[in-house]
Amino acid sequence: TYRELSKATFSLRSLRAADVDLRLAVDRWLSLPGDVHDVKLHLRLTDGRLEVPIEANMAGVAMSGNLLVDGSLETPRFRVALGTRDSPLGGLAELLAGARGMQGHLGRFSLELSAEGDQGSELMTSLDVRLALAGGRLTYGNVDGGRPVEFGLDQFEVALPAHKPLRGSARGTLLRQPFVMSLSGGTLERVMQDERSPVDLRIRSGSVRAALSGIAAAPTDTSGPEVSFDISADRTDDVARWLGIPAGASARVGLRGKASMTANDWALQGLLLRVGKSTVRVDASSIAAQTPPLRLRVDAEHIDAGELQSLVPQRPGKPAAAAGPGRPVLEIPILPKGIDLGDADVQIRVARIGGTALDPRDIAFDGRIRDGAMQPSSFSAVIADIPFRGAVSLDMRGAEPQSSLWLSAGDIDV
């Protein structure tokens, strides 16, 4: 690993002391990260210069390339280049980026590492990493209970120069909708030592503009990634395919907030959604150790009824199966798993809904959902200047849905 190599005490200058010509075949290489097998090497060392053509299967992908170490120079140099063409993705995404559940096919992939110095610490501090791929036809979400989501990478490049921050760019499609992306992050040395990195991601697709910034980190029991995001589009229609809302809407849309997650929990804070004249604020969290795990709060000053109707998600053609039969699930096409609402406390407060003759206002709902069924949950509202109060229960788990409604109203002038 990076830390182990940084502490290694070998000397590349010592290569000057020997000449070698050796062919080596290794069935499985256990000391390297990932699943590396069927390795073929031809080591040729002359006058301190080591050249090694390489063939190997890495994480299920047949790779080839070469390694060059020049210990004859005053400052020794190291370089390794590996690549493949027309290959399955295999486990490369998990090996290189920790991304599980990705599958697909690569038109071209290349990885280059170069450094200079005599010992491990010098090599690691000068390490330069370049990764590129093209012609990627991929899916993510290939996990238990998930729904594969289609995306493509026509071009993807990442550079981590020595002592400089990460820079990357991509051009591709998500659910067949084109996008371009730019990426920046921390230096390789800090990423490897801290196992956390600042990240800034920018995406453009049609009129959609998305900016995400924060900390990228592998989720643990106590910490994980934290990002702020700001997404806007001139037309709701431009995000319809990704969010599963009906096509054809033309209202401007904006979404911003903060998100964080650990291995078992996640939270959305200060989520502000604007669609045309409507503004909704959402706070949500899912904490495995609490009962219920999901808590959701929705507040709105004004909602336009027509705009609200335009946001009702369309059910994806092949729903995710993680929640179980009869449980309420919010499904969004770009998410491989639906958001299970089967055990949740939901609070909704709406000051006014416009665009209807009944002029609903002062709307409040406190929902209690347990094991997929909504227990008696209170609500109140003023409709046509008449205050209403009541409670509702709903159970759709059985073959025949069951529902109960209790309702009372103030003085009604008929």
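At 58% relative accessibility, D47 counts as exposed, because the cut-off for that class is over 50%. In this predicted model, D47 sits in the loop between β2 and β3 (49-58). Its backbone has a positive phi of about 55°, although D47 is not a glycine. D38 also has a positive phi, of about 50°, and is likewise not a glycine. D38 belongs to strand β2 (residues 36-46). With a relative accessible area of 46%, D38 is partly exposed. Most residues other than glycine have a negative phi, and most peptide bonds are trans. The peptide bond from T291 to P292 is cis, with omega near -10°. P292 is placed in the loop between β16 (278-286) and β17 (294-300).

The chain as a whole was examined next. It contains six helices and 25 strands. Its radius of gyration is 28 Å, whereas a compact globule of 414 residues would have a value near 22 Å. Along the principal axes, the C-alpha atoms fill a box of roughly 105 × 40 × 35 Å. Of the 414 residues, 38% are buried. The accessible surface comes to about 23,200 Å². Carbon and sulfur atoms account for 55% of that surface. Contacts between residues at least 6 apart in sequence were also considered; 41% of these join residues at least 24 apart.

Confidence was summarised over the chain. The mean pLDDT is 89, and 94% of the residues reach 70 or more. Over residues 316-322, the pLDDT is below 50. This stretch has 13 contacts in the model beyond near neighbours in sequence. Where pLDDT is low, the predicted coordinates should not be read in detail.

L15 lies in the loop between α1 (2-7) and β1 (20-28). Its relative accessible area is 18%, so L15 falls below the 20% cut-off and is buried. Leaving out residues up to four places away in sequence, L15 touches L45, G48, L50 and V69. L15 and D265 are 250 residues apart in sequence, and their C-alpha atoms are 51 Å apart in space.

G270 is in strand β15 (residues 266-275). At 19% relative accessibility, G270 also counts as buried, because the cut-off is 20%. Its contacts, aside from neighbours within four places in sequence, are R256, G257, R281, V282 and D283.

L22 is found in strand β1. With a relative accessible area of 39%, L22 is partly exposed.

Charged side chains were then paired. A search of the whole structure finds 20 salt bridges. One of them joins D154 and R137, with an N to O distance of 3.0 Å. D154 lies in strand β8 (residues 149-160) and R137 in strand β7 (residues 128-140), so this pair ties together parts that are 17 residues apart in sequence. D154 is partly exposed, at a relative accessible area of 30%.

Another salt bridge links the side chains of D359 and R352, at 2.6 Å from N to O. Both partners are partly exposed: D359 has a relative accessible area of 30%, and R352 has 33%. R397 pairs with D395 in a further salt bridge, where the closest N and O atoms are 2.8 Å apart. R397 counts as partly exposed, at 39% relative accessibility. Salt bridges that share partners also join R49, E51 and D70 into one network.

Conventions:
Residues numbered from 1 in each chain as written. Predicted model: local features only at pLDDT ≥ 70, side-chain atom pairs only at ≥ 80, totals over all residues. Heavy atoms only, no water. Helix = DSSP H or I, 4+ residues; strand = E, 2+ residues; numbered from the N terminus. Buried < 20%, exposed > 50% of the residue type's maximum accessible area, 1.4 Å probe, protein only. Contact = heavy atoms within 4.5 Å. Rg over C-alpha atoms; globule rule 2.2 N^0.38 Å. Areas by Shrake-Rupley, 256 points an atom, 1.4 Å probe, with all protein chains shown as cover. pLDDT = per-residue confidence, 0-100. Salt bridge = Lys/Arg side-chain N within 4 Å of Asp/Glu carboxyl O.
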